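Colleague: Hi! Could you walk me through this one? I'd like to start with the charged pairs and then go to the ligand.

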Amino acid sequence: MTDQLILDAPAKINLTLDIKGKRSDGYHELETVMHQITLADRITLTALQQGIEISSNDPELPVGEANLAHRAASILLMRNPGRGGVSIHIDKTIPIGAGLAGGSTDAAAVLRGLNVLYKLNLSMRELMSIGLEIGSDVPFCIQGGTALARGRGEQLQPLPHMKLFFLLVKPNFSVSTAEVFGQFDSSKVTNSPDTRAFLEGWHHCDMISICHAMENVLETVTAARYQEIEQIKTRLVKRGALKALMSGSGPTVFGLFRDEASAQQAGYDFSTDNNKAVFLATSY
Ligand code: C5P
């Protein structure tokens with residue numbers, strides 16, 4: 001039996017993010033285009049006789065039951081008794097609390113990996129359904145690529161692949177997704193994404209329409225509270241980004257660039273800021 005597996009756990013960004021209303025279960029009804037990027041954690045799973053152990057290169061990462069990767073392993077192993085345990089090493093590159101689904105993608109990789117390691121033969125649909133118990137972004141992280149997501153984020157319509165170039169800038173603070181959603185007030189929204197125009201543009205690889213249609217309504221919460229977000233967006237556009245937007249609930253901002261060289265060039269401008277983390281990425 002293979003007793004060790006190494007998996008990539010890619011981050012996601014939201015190319016559009018719209019909120020259509022509040023649901024009776026307390027979540028928000030989303031309409032968002034999620035896009036997997038090459039910024040990724042690396043997960044090593046090693047079969048154990050029993051128990052779940054987590055370790056990481058990042059001392060800030062909780063290694064107990066609060067870690068979504070731990071929850072993923074715990075649910076899967078509890079529902080498939082007698083298989084043994086697992087040691088999970090998380091080599092963290094994706095910043096924590098950044099709006100990039102770092103915790104969700106680690107959990108997704110653990111579900112995919114344990115399915116192989118322990119030959120559980122669960123379908124993608126079954127894995128995604130377990131994923132939703134862990135977090136709203138986990139089903140997308142299992143499916144990957146680019147998708148229009150509705151509902152809590154689990155109703156996924158895959159979109160064709162397109163290779164895009166990004167520079168990500170994360171200020172040195174984190175936000176709580178629950179808090180940002182909790183403070184969302186639709187009456188404060190002035191710029192919503194035009195999702196229909198975005199999809200039309202996407203299918204025609206029309207970057208002008210795509211960029212024109214991209215917005216994130218959660219900026220009304222996070223960017224209103226932290227001026228730095230708007231400052232980073234302006235700076236990215238000045239440095240050649242075709243569009244700059246906050247991802248998810250923030251605070252990471254990404255610039256979308258024409259090509260890798262332009263993204264890299266813009267990156268030099270931020271490289272002297274030691275209060276920001278900067279990452280170059282392309283579509284995964
Ligand atoms: O599903 P997950 O635990 O990742 O979501 C974190 C928080 O984000 C939720 O507790 C909820 O407050 C908010 N959320 C929401 N509507 C969604 C997804 C997340 O209100 N569709």
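Modeller: Happy to. A salt bridge here is a side-chain nitrogen of Lys or Arg within 4 Å of a carboxyl oxygen of Asp or Glu. Please keep in mind that this is a predicted model.

Colleague: Fine. How many salt bridges does that rule give?

Modeller: The count is 18 salt bridges. One of them pairs Lys 243 with Glu 215, where the closest N and O atoms are 3.4 Å apart.

Colleague: Where do Lys 243 and Glu 215 sit in the chain?

Modeller: Lys 243 belongs to strand S8 (residues 243–246), and Glu 215 to the loop between helix H7 (207–213) and helix H8 (219–225). They are 28 residues apart, and the pair links distant parts of the chain.

Colleague: Is Lys 243 buried or exposed? And Glu 215, buried or exposed?

Modeller: Lys 243 has a relative accessible area of 15%, so it counts as buried. Glu 215 is buried too, with a relative accessible area of 15%. The cut-off for buried is under 20%.

Colleague: Which residue does Lys 233 form a salt bridge with?

Modeller: With Glu 219, and there the closest N and O atoms are 2.8 Å apart. Because Lys 233 is in helix H9 (residues 227–238) and Glu 219 in helix H8, this pair ties together parts 14 residues apart in sequence. Lys 233 and Glu 219 are both buried.

Colleague: What about Lys 276, which partner does it have?

Modeller: Lys 276 forms a salt bridge with Glu 228, with 3.4 Å between the closest N and O atoms. Lys 276 lies in strand S10 (residues 276–282) and Glu 228 in helix H9, so parts that are 48 residues apart in sequence are tied together. Both of these residues are buried.

Colleague: Which residues are joined with them into one network?

Modeller: The network consists of Glu 228, Arg 235, Arg 239, Asp 269, Asp 273 and Lys 276, joined by salt bridges that share partners.

Colleague: Good, on to the ligand. Which residues surround it?

Modeller: Around the ligand are Tyr 27, His 28, Leu 30, Gly 135, Ser 136, Arg 152, Thr 177, Ala 178 and Phe 181. A polar side-chain atom of His 28 is 2.7 Å from a ligand oxygen atom. From Ser 136, an N or O atom in the side chain is 2.5 Å from an oxygen atom of the ligand. Arg 152 takes part through its backbone, where a polar atom lies 3.1 Å from a nitrogen atom of the ligand.

Colleague: How much of the ligand does the protein bury?

Modeller: The protein buries 74% of the 450 Å² that the ligand exposes when taken alone.

Colleague: Last topic, strand S4. Why is it described as largely enclosed?

Modeller: Because five of the seven residues of S4 (residues 85–91) are buried, the strand is largely enclosed by the rest of the structure.

Colleague: Which strands pair with S4?

Modeller: Strand S2 (residues 28–48) pairs with S4 in the antiparallel sense over seven bridges. Strand S3 (residues 52–56) pairs with S4 in the parallel sense, over five bridges. Ser 87 of S4 is the bridge partner of Thr 46, and Ser 87 is also the bridge partner of Glu 53.

Note on methods. Residues numbered from 1 in each chain as written. Predicted model: local features only at pLDDT ≥ 70, side-chain atom pairs only at ≥ 80, totals over all residues. Heavy atoms only, no water. Helix = DSSP H or I, 4+ residues; strand = E, 2+ residues; numbered from the N terminus. Buried < 20%, exposed > 50% of the residue type's maximum accessible area, 1.4 Å probe, protein only. Near = heavy atom within 4 Å. Polar contact = N/O pair within 3.5 Å; in protein donor to acceptor, adjacent residues only side chain to side chain. Areas by Shrake-Rupley, 256 points an atom, 1.4 Å probe, with all protein chains shown as cover. Pairing = 2+ DSSP bridges.
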